[in-house]
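I opened my notebook to look up one protein chain. My plan is to go from the whole chain down to single residues.

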Amino acid sequence: MFDITWTQGAYPALEGLIARQLAVFPEHGGYLGKRFAGATAEELTFTEGLAEIVTKIAGDELDGCCRDYRWLAEVVLEEEIFFRRQGRYRLSTFEEANAEIYSNLAYMTRYMNGLLLSQIWWHNHTAVMRYFREVYLPGNAPGARHLEIGPGHGLFLYYAARNERTAEAAGWDISPASIARVKATFAATAQPLPELALVDMFEPNDRRFDSIAFSEVLEHLEQPAEALDAIVKLMAPGGRLFLNAPVNSPAPDHISLFRSPEEIIALVEAAGLVVEDSLFAPTSGASLARARKLSLAISVAVTAKKP
Ligand SMILES: C[S@@+](CC[C@H](N)C(=O)[O-])C[C@H]1O[C@@H](n2cnc3c(N)ncnc32)[C@H](O)[C@@H]1O
């Protein structure tokens, strides 16, 4: 059983969240023990801040969100079994994902709630969120016009909108449930609402942005190279891209399978962008070398610039 007193009260929001999660998912104790084993004080301090925000966002629905996380973990396990047996993701077309998931409000709401908690429970998600806040955003020039495509739960957009270098923030998504989730995230944290719109990124658009976040969307698309071309068109000259996509990471709506971090870097470069920095964050409990060897999930965060 996971000992929730291991931080001795130094991280109260995180400890509180762990207790609530384990109340509805006691079998997850062993996993959480591994996930936080060896975490540094800096990681725990960032995670504590994230836990405070997630607790606020979930509000009265926290226990429901923890149940939705449990559901998500079980759904992902089924996808993992398929992936290990077949060597591919279950779905291969956007149409299938749209029919099963994006257009299904109840499924999408559960999925986003589960992903909200995964930002804390999955080491790779927390590491990428921290990279976005502490490395990517401070690199933007002051006055940045920032866009997130596919903001989902809204946490990346929340950090971007609050950053002192961001002058304008916008979020585009094709899912009404995601837009509603982002609105709820900003309401719960008493932040002014960014511009939010139901926009398909593949539709031609005259808007240009200095900073674009594209997190956990690439693997949901049938044509990732076309998606990157569409993003490059939306970037102002000298604009920056924060891309986050996982390799070997089965999920109910993952379509494009990337087998190595280098495959993702090559796609970004092929779109004409210059890769300036990257973070390869392996799944909880695995080193990068072990994750590569066993084809385990690795989140790949890339900072790239339009020349
Ligand atoms: C898994 S969520 C990502 C949430 C969040 N960015 C994160 O990193 O966890 C993927 C989001 O991309 C959105 N999406 C998928 N295809 C899209 C498209 N063509 N244009 C805009 N948004 C899209 C989905 O509706 C969903 O909200």
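First, a term I need throughout: buried means under 20% relative accessible area, exposed means over 50%, and partly exposed lies in between (1.4 Å probe, protein chains only).

**Ground rules**

I am working with a predicted model, where local features need pLDDT of at least 70, side-chain atom pairs count only at pLDDT 80 or more, and totals for chains, interfaces and linings use all residues. Residues are numbered from 1 along each chain as its sequence is written, and side-chain values use heavy atoms, with hydrogens and water left out.

**Entry 1: the whole chain**

I looked up the secondary structure. The protein chain has 12 helices and seven strands. Helices (H or I, at least four residues) and strands (E, at least two) are DSSP runs, numbered from the N terminus.

Next I checked the overall dimensions. The C-alpha trace spans about 55 × 45 × 35 Å along its principal axes. How does the radius of gyration of the protein chain agree with that of a compact globule? A compact globule of 307 residues would have a value near 19 Å, and the protein chain has 18 Å, which agrees. I noted that the radius is taken over C-alpha atoms, and that the globule rule is 2.2 Å times the number of residues to the power 0.38.

Then I looked at cover. Of the 307 residues, 54% count as buried. The accessible surface comes to about 13100 Å². Carbon and sulfur atoms hold 52% of that surface. These areas come from the Shrake-Rupley method with a 1.4 Å probe; for residues, only the protein chains shown count as cover.

I also looked up contacts, meaning heavy atoms within 4.5 Å. Among contacts with a separation of 6 or more, 74% are between residues 24 or more positions apart.

I moved to strand E7, residues 298–305. Is E7 mostly covered or mostly uncovered? E7 is mostly covered, with seven of its eight residues buried.

Which strands pair with E7? Strand E5 (residues 235–247) pairs with E7 in the antiparallel sense over eight bridges. Strand E6 (residues 274–282) also pairs with E7 in the antiparallel sense over eight bridges. Two strands pair if DSSP finds at least two bridges between them.

I picked out one residue pair for each. Leu241 stands opposite Ala304 in E7. Phe280 has Val300 in E7 as its bridge partner.

**Entry 2: two buried residues**

I looked up Glu79, which lies in helix H4 (residues 62–86). Glu79 counts as buried because its relative accessibility is 6%. Beyond its neighbours within four places in sequence, Glu79 contacts Arg90, Pro250, Ala251 and Pro252.

Then I found Pro151 in the loop between strand E1 (144–149) and helix H8 (155–162). Pro151 is buried, at a relative accessible area of 2%. Its contacts, leaving aside neighbours within four places, are Leu157, Gly171, Trp172, Asp173 and Val182.

**Entry 3: partly exposed residues**

Ile174 sits in the loop between strand E2 (166–173) and helix H9 (176–188). At 39% relative accessibility, Ile174 counts as partly exposed. Not counting residues up to four places away, Ile174 touches Phe94, Leu198, Val199 and Asp200. Ile149 is 25 residues from Ile174 along the chain, and their C-alpha atoms are 9.2 Å apart.

Back to Ala41: this residue lies in helix H3 (residues 41–58). Ala41 and Ala10 are 31 residues apart in sequence and 10.0 Å apart in space, C-alpha to C-alpha.

**Entry 4: positive phi**

I kept a general point in mind: most residues other than glycine have a negative phi. Glu216 has a positive phi of about 55 degrees although it is not a glycine. Glu216 is in the loop between strand E4 (209–215) and helix H10 (224–234).

Ser295 also has a positive phi of about 55 degrees and is not a glycine. I found Ser295 in the loop between helix H12 (288–293) and E7. Ser295 is partly exposed, at a relative accessible area of 30%.
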